[in-house]
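Colleague: I am new to this structure. Please pick one part, look at it closely, and then show me how it sits in the rest.

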Amino acid sequence: MRIEWDALAAVCAVSLTVAILLVGVFSLGLVALTWSREARSTGTGTGRGARAAVPARAAAAFCFAVCAGLACYGIVLIVSRSR
C-alpha cells in the first residue's frame with residue numbers, strides 16, 4: 001500500500017480551511033440574528049427597531065444559506081466519489 005502524502009496533505013488543508021470557514025460564517029449568522037433581535041427589542045414605538053432589524057436578518061439568512069450550500073456541496077462531492 002502506497003500513501004500519496006501530497007494528496008493527503010491537500011485534503012487535510014482543504015478540510016481544515018472549509019471547516020474554519022463554515023464555523024466562521026455560521027458564527028456571523030448567529031451574531032447577525034442576535035443583532036436583529038436586539039434591534040427589535042430596543043426599537044422605539046416609531047418602528048425604527050423593526051427597520052433596523054431587516055438588514056441584520058437578511059445577513060443572517062445569507063450566512064445560513066452559505067452554510068447549507070457548503071454542507072450540500074460536501075455531500076454531493078462525497079456521493080459522486082463513491083460511485
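Modeller: Start with Glu38, which lies in helix H1. Helices here are DSSP runs of H or I with at least four residues, strands are runs of E with at least two, and both are numbered from the N terminus. This is a predicted model, where local features need pLDDT of at least 70, side-chain atom pairs count only at pLDDT 80 or more, and totals for chains, interfaces and linings use all residues.

How open is Glu38: buried, partly exposed or exposed? Glu38 has 45% relative accessibility, so it counts as partly exposed. The cut-offs are under 20% relative accessible area for buried and over 50% for exposed, with partly exposed in between (1.4 Å probe, protein chains only). Now look across to Ala52. Glu38 and Ala52 stand 14 residues apart in sequence, and their C-alpha atoms are 9.7 Å apart in space.

Trp35 also has its place in helix H1. Its relative accessible area is 56%, so Trp35 is exposed. Between the C-alpha atoms of Trp35 and Ala52 there are 9.1 Å, with 17 residues separating them along the chain.

Next comes Ser36, again in helix H1. Its relative accessibility is 0%, so Ser36 counts as buried. What does Ser36 touch, leaving aside its neighbours within four places in sequence? The contacts are Ala53, Ala56 and Arg57, where contact means heavy atoms within 4.5 Å. With Arg57 there is also a side-chain polar contact of 3.2 Å. A polar contact is a pair of N or O atoms within 3.5 Å; within protein, one must be able to donate a hydrogen and the other to accept it, and residues adjacent in sequence count only if both atoms are side-chain atoms.

Which residues of H1 are buried? They are Val25, Gly29, Ala32, Ser36 and Ala39.

Thr42 belongs to helix H1 too. With a relative accessible area of 63%, Thr42 is exposed. Thr42 and Leu21 are 21 residues apart along the chain, and 31 Å separate their C-alpha atoms.

Now take helix H1 end to end. It has 38 residues (residues 5–42), which at 1.5 Å a residue should span 56 Å; the end C-alpha atoms are 55 Å apart, so the two values agree. The expected span is 1.5 Å times one less than the number of residues.

Turn to the aromatic rings. There is 1 aromatic pair. Phe26 and Phe64 have ring centres 5.3 Å apart and planes at 50 degrees, so this pair is tilted. Phe26 sits in helix H1 and Phe64 in helix H2 (residues 48–82), so the pair ties together parts 38 residues apart in sequence. The rule takes rings of Phe, Tyr and Trp (its six-membered ring) with centres within 6.5 Å; planes under 30 degrees apart are stacked, over 60 edge-to-face, and the rest tilted. Phe26 is partly exposed at 41% relative accessibility. Phe64 is partly exposed at 25%.

Phe62 is found in helix H2. At 57% relative accessibility, Phe62 counts as exposed.

Finally, the whole chain. The protein chain has 2 helices and 0 strands. Its radius of gyration is 19 Å, well over the 12 Å that the globule rule gives for 83 residues, so it is more spread out than a compact globule. That radius is taken over C-alpha atoms, and the rule is 2.2 Å times the number of residues to the power 0.38. Along the principal axes, the C-alpha atoms fill a box of roughly 70 × 25 × 10 Å. Of the 83 residues, 13% count as buried. Among contacts between residues at least 6 apart in sequence, 63% join residues at least 24 apart.

Key:
Residues numbered from 1 in each chain as written. Heavy atoms only, no water.
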